[in-house]
Amino acid sequence: MKKLMTRTMVCAVLGMSSLALAQDAAEAPDKEPAKVPSADSVRDTWNFFYNGKGQGPVLVEAKLCTEVAKDGPNKYECTAEVAAEGIKANTTVMLWQAYLVPQGDSVEDVMVQTKQGNVVRETKDVKLKGDGWRARQWTGVRLNKPGTWTVSVMRGDQVLKELQVKVN
């Protein structure tokens, strides 16, 4: 009797595991597998994070967003990017940024600058801390007049990234 109960429980667990695996497999097509970095890339990243204090941040990604999630599985992620056709005048958007900042470092010479044509309209300071593997920051910028705007991430006079947006 004891063997029969044990066998029944094992079969039930295996059956549920198979069901769970089938569900995971059914959901898998929505998510691409992560690219596996080379050992040298990982070693270089570790070395920079743990020993790179004073060398400044690495801007990994920047995008113009109309929405940044405040909670849930995508917390602090850009969940809606500015459309290719642009945005309406007087719209505030966020320049979402992701950095790798060396552990324990504090960076205060990064800024976000907005220009309409060649005219600088606004410059905002960005402060970063090396508290974890990824420092995310989003800076609100108001694009109040029609035309082509450039939103730049700068460190001192060096442009780290420029994004163009059409304002209608």
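Mentor: Buried residues make up 30% of the 168 residues in the chain; buried means under 20% relative accessible area, exposed means over 50%, and partly exposed lies in between, with a 1.4 Å probe and protein chains only. The model is predicted, so local features need pLDDT of at least 70 and side-chain atom pairs count only at pLDDT 80 or more, while totals for chains, interfaces and linings use all residues. Residues are numbered from 1 along each chain as its sequence is written, and side-chain values use heavy atoms, with hydrogens and water left out.

The chain holds 2 helices and 8 strands, running α-α-β-β-β-β-β-β-β-β from the N terminus on. These elements are DSSP runs numbered from the N terminus: helices are H or I with at least four residues, and strands are E with at least two.

The part to examine is the open sheet of 4 strands in the order E2-E1-E3-E6, whose pairing is antiparallel. E2 and E6 stand at its edges with a single partner strand each, so one side of each has no neighbour in the sheet. From one strand to the next, the twist averages 40°, an angle between N-to-C directions on a scale from 0 to 180 degrees, with axes as lines fitted to C-alpha atoms. Two strands pair if DSSP finds at least two bridges between them; E1 and E2 have 3 bridges and pair in the antiparallel sense. In that pairing, Cys-65 has Glu-81 in E2 as its bridge partner.

Cys-65 also takes part in a disulfide with Cys-78, the sulfur atoms being 2.0 Å apart. The link is left-handed, with -120° about the S-S bond. Counting pairs of cysteine sulfur atoms within 2.5 Å, the total is 1 disulfide. A disulfide is a covalent bond between the sulfur atoms of two cysteines.

The loop between E1 and E2 contains Tyr-76. Tyr-76 is not a glycine, yet its phi is positive, about 70°. With 34% relative accessibility, Tyr-76 counts as partly exposed. Asn-90 is partly exposed at 46% relative accessible area. Most residues other than glycine have a negative phi.

Arg-134 is partly exposed, with a relative accessible area of 46%. Glu-77 and Arg-134 belong with Arg-136 to a network of salt bridges. Another salt bridge joins Glu-61 to Lys-63 at 3.2 Å between the closest N and O atoms. Glu-61 is partly exposed at 35% relative accessible area, whereas Lys-63, at 19% relative accessibility, counts as buried.

The loop between E5 and strand E6 (135-143) also contains Trp-133, which is partly exposed at 42% relative accessibility. Trp-46, Tyr-50 and Trp-133 make a nonpolar surface patch of about 380 Å².

The rest of the chain includes another open sheet of 4 strands, in the order E5-E4-E7-E8 with antiparallel pairing. Its edge strands are E5 (119-129) and E8 (158-167), each pairing on one side only, and the twist averages 20° from one strand to the next. Within this sheet, 9 bridges join E4 to E5, and 7 bridges join E4 (residues 106-116) to E7 (residues 147-155). E4 and E5 form a hairpin with 2 residues between them, and Gly-117 in the turn has a positive phi of about 65°.

Conventions:
Patches are made of residues with over 30% relative accessible area and no salt bridge: like charges are joined within 9 Å, nonpolar side chains (Val, Leu, Ile, Met, Phe, Trp, Tyr) within 5 Å. Accessible areas come from the Shrake-Rupley method with a 1.4 Å probe; for residues, only the protein chains shown count as cover. A salt bridge is a side-chain nitrogen of Lys or Arg within 4 Å of a carboxyl oxygen of Asp or Glu.
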